[in-house]
Structures are given as structure tokens and as C-alpha cells.
Amino acid sequence: MSTSQHPVALRMERIVGGDARLLALVMMLPLVDGVFPALILAGALDDPLGAIQVGLLIFGGSATVAVILAEMDGTPREQAAVVMLVGVPLILLAAVQAALAPTFESLVDIVIFERFAALVIAAIAAKTASATIGDYLPNPVVVIGLGLVASVDPSGLTVQVMTDPVLVANATLAAAIGVAFALTIALTGPYLRTYMDIDRFRFGSAVALGLLPLSLLGMAFGQAPLAALLVAAVFAVDLPLGGSDSDSSPEAELNAAAKLSAVPDGGDGEGSSELEAPVAEADDESETYPGDETTDTAGRAPWL
């Protein structure tokens, strides 16, 4: 049997092929749409704390959490391998973009482009908070495309390299923080799928991400977005500190699976279903934010 036909090789090819493309689409989007260079030029990465904030919000955040926990297959070790496969090029590209940020600044009117970049981040935050609101907003790709058309000035293009090594180091640190965040989610996935409320985290993450564009517009919010993200993470995880057996019961695991779009079997009947059905409906209603759709033809959460 050839290597390409080996079951393990076929499994890794399937995991790496599909999951790596999906994770790369989410984590590398800020490098493709120009948001990351705009944040560099706007001064969002002038200090290490700002780099940590940008790394968690831009490269990490609820989209990365949702892709790893709800979309990716395989064991934690296989998922970690996919994260590293995407993360190493991500860190290298972030360093290159930071080094070439002055060239990008000479190509566009950075003041105009920063406003469009702020709109893109705000649109992504709104789509994360509510799929219904996102239906009324333009696609971020369209917004950033209009921003490039409005701000590009090829006549002023000059090839320059960043002369501040600290800024390049902070940009690289931001990408490394995002990769470390994704790696942590992949390794702790089995625990988070049981004890983490993804809806609660993505709503708090949307609030934190919505504060970030204000810094692009010159409003000094400091590390308020980072603080909001940390608070969202704390409230999204229900730690089993009470020592109750109900936390590890099959019903609790079934509810956690339902949050990740799993389909339960509906119980074993004979009276128990009559008592459990109203509870399940109450859980679904309490975990759904106003204005969000709860069904999707592809079997995927509508805000992904």
C-alpha cells in the first residue's frame, strides 16, 4: 500500500486540507484586507500590551474559537498541528508586513484608509454579535475594496523598510499571541466544549472588537478592548468549582454538545422525555441572543 493510500495519511490529508484552509481564512484575513498594516501605522502596536491586545482580537477572538471548537475535526494533537501549520506562515507574514508598512503608507492615503479599516472592524464586530444585524451590513471585503479605491495613490509609491525594530517586534508578537491563543484553544478543546458557552464569549468578543476601531479614529481607549475580552472569557467559562456531580452528568455534556450544533437523540422515552423537553426548550431560548437565527442550512452557526 502506498503512503498516499495509508489510512493515517488519508486522515491527516483530510484534516490538514479542509481545517487548515478554514483556519487560515479566519486568522490571515487581517493580513489580506490591510487591517493589520493600518493598525501598525495607527500606533496600535507601539507597546507590547497593545500587541497582545491586537493579537487576541484580530488574529484570535470568537471566530478562531468557533472554527476550532465547532468546525475542526481530529484529536487535540491533530488540531494543534493544523494551528502550527497555519501559525508559522502567519507570524512570518506579519513580520514582513510590519517591515513593509512604510511602503504601504506611501501607496495609499493612510487617513482615508484608516477610516475604512475602522468600518471593516466595526462590521465584523456587528456580524459577530448578531447574524441578523450582519445581514443588513455590507461585506467587509466590499468595504475594504472601496477603501483601497478611495485612498490608493500609485504615483506616491516608494519602496521603504521599517526602521523601527521595536515596532516590527511588536507586530511579530501580535501574530505570535494570536497563534498561541489558537493553540491553547485547540489543546483544551475537549474541556472547553463541555464548560464554555460560545455564544456568551462571542458576544463579549464582539463588544471588545467594536471598541478597537475607535483607536483607529484617534480616540484613546487604551486597553479597554483587552479588558472587555478578558471579562468575556471569564464569564463564558463555567468552572466546575462546586464539586457537584451534575456538572459531569451526561445531561450537562449533551447540553454542551447542543451548543456546538450537535443533534441529541431526544432521550429514551417513557415519561422522561415529557419532563426534559420543556427544559431543553428553555435552555435554547436562554442561550439565543435576540435577533439571531438558530438554524442554518449548512448545519453551521449563522454568525460563523
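Which residue forms a salt bridge with Asp197, and how far apart are the closest N and O atoms? Arg200 forms that salt bridge, and its closest N and O atoms lie 3.4 Å from those of Asp197. The legends below begin with an overview and return to this pair.

**Figure 1. Overview of the predicted model.** This is a predicted model, in which local features need pLDDT of at least 70 and side-chain atom pairs count only at pLDDT 80 or more, while totals for chains, interfaces and linings use all residues. Residues are numbered from 1 along each chain as its sequence is written, and side-chain values use heavy atoms, with hydrogens and water left out. The protein has 15 helices and 0 strands; helices (H or I, at least four residues) and strands (E, at least two) are DSSP runs, numbered from the N terminus. Of the 304 residues in the protein, 38% are buried. Buried means under 20% relative accessible area, exposed means over 50%, and partly exposed lies in between (1.4 Å probe, protein chains only). A contact means heavy atoms within 4.5 Å. Among contacts between residues at least 6 apart in sequence, 85% join residues at least 24 apart.

**Figure 2. The salt bridges of Arg200.** The structure holds 3 salt bridges, a salt bridge being a side-chain nitrogen of Lys or Arg within 4 Å of a carboxyl oxygen of Asp or Glu. One of them joins Arg200 to Asp197. Arg200 counts as partly exposed because its relative accessibility is 31%, whereas Asp197 counts as buried at 7%. The side chain of Arg200 also meets that of Asp238 in a salt bridge of 3.4 Å, N to O. This pair links distant parts of the chain, 38 residues apart: Arg200 lies in helix H12, and Asp238 lies in the loop between helix H13 (224-236) and helix H14 (250-259). Asp238 is partly exposed, with a relative accessible area of 39%. Through shared partners, the salt bridges join Asp197, Arg200 and Asp238 into one network.

Figure 3. The side chains of Arg202 and Asp199 meet in a salt bridge at 3.3 Å, N to O. Both residues lie in helix H12 (residues 198-216), 3 residues apart, which is about one turn of the helix. Arg202 is buried because its relative accessible area is 1%, while Asp199 is partly exposed at 22%. The side chains of this pair are also joined by a polar contact of 3.3 Å. A polar contact is a pair of N or O atoms within 3.5 Å; within protein, one must be able to donate a hydrogen and the other to accept it, and residues adjacent in sequence count only if both atoms are side-chain atoms.

**Figure 4. The surroundings of Gln53.** Gln53 lies in helix H4 (residues 48-71). With a relative accessible area of 5%, Gln53 is therefore classed as buried. Its side chain reaches the backbone nitrogen of Leu226 at 3.2 Å. Apart from neighbours within four places in sequence, Gln53 is in contact with Leu212, Gly222, Gln223, Ala224, Pro225 and Leu226.

**Figure 5. Phe36 and the largest nonpolar core.** A nonpolar core is a set of buried Ala, Val, Leu, Ile, Met, Phe, Trp, Tyr and Cys residues joined through side-chain atoms within 4.5 Å. The largest such core has 62 residues, and those that touch the most other members are Leu23, Phe36, Ile40, Leu45, Val54, Ile68 and Phe201. Not counting residues up to four places away in sequence, Phe36 touches several residues, including Leu31, Leu45, Val54, Phe59 and Ala94.

**Figure 6. Phe104 in helix H6.** Phe104 is found in helix H6 (residues 101-107). Because its relative accessibility is 19%, Phe104 counts as buried. Leaving aside neighbours within four places in sequence, Phe104 is in contact with Pro37, Leu41, Ile110 and Phe113. Phe104 and Gln160 are 56 residues apart in sequence and 8.7 Å apart in space, C-alpha to C-alpha.

**Figure 7. The packing of helices H7 and H9.** Helix H7 (residues 110-129) and helix H9 (residues 140-151) pack at an angle of about 175°, with their axes 9 Å apart. Axes are lines fitted to C-alpha atoms, for helices over the stretch in contact, and angles run from 0 to 180 degrees between N-to-C directions. H7 and H9 are therefore roughly antiparallel to each other. Angles under 35 degrees count as roughly parallel, over 145 as roughly antiparallel, 65 to 115 as roughly perpendicular and the rest as oblique. Among the residues that make the contact are Ile112, Phe113 and Phe116 of H7 and Pro140, Val143 and Ile144 of H9.
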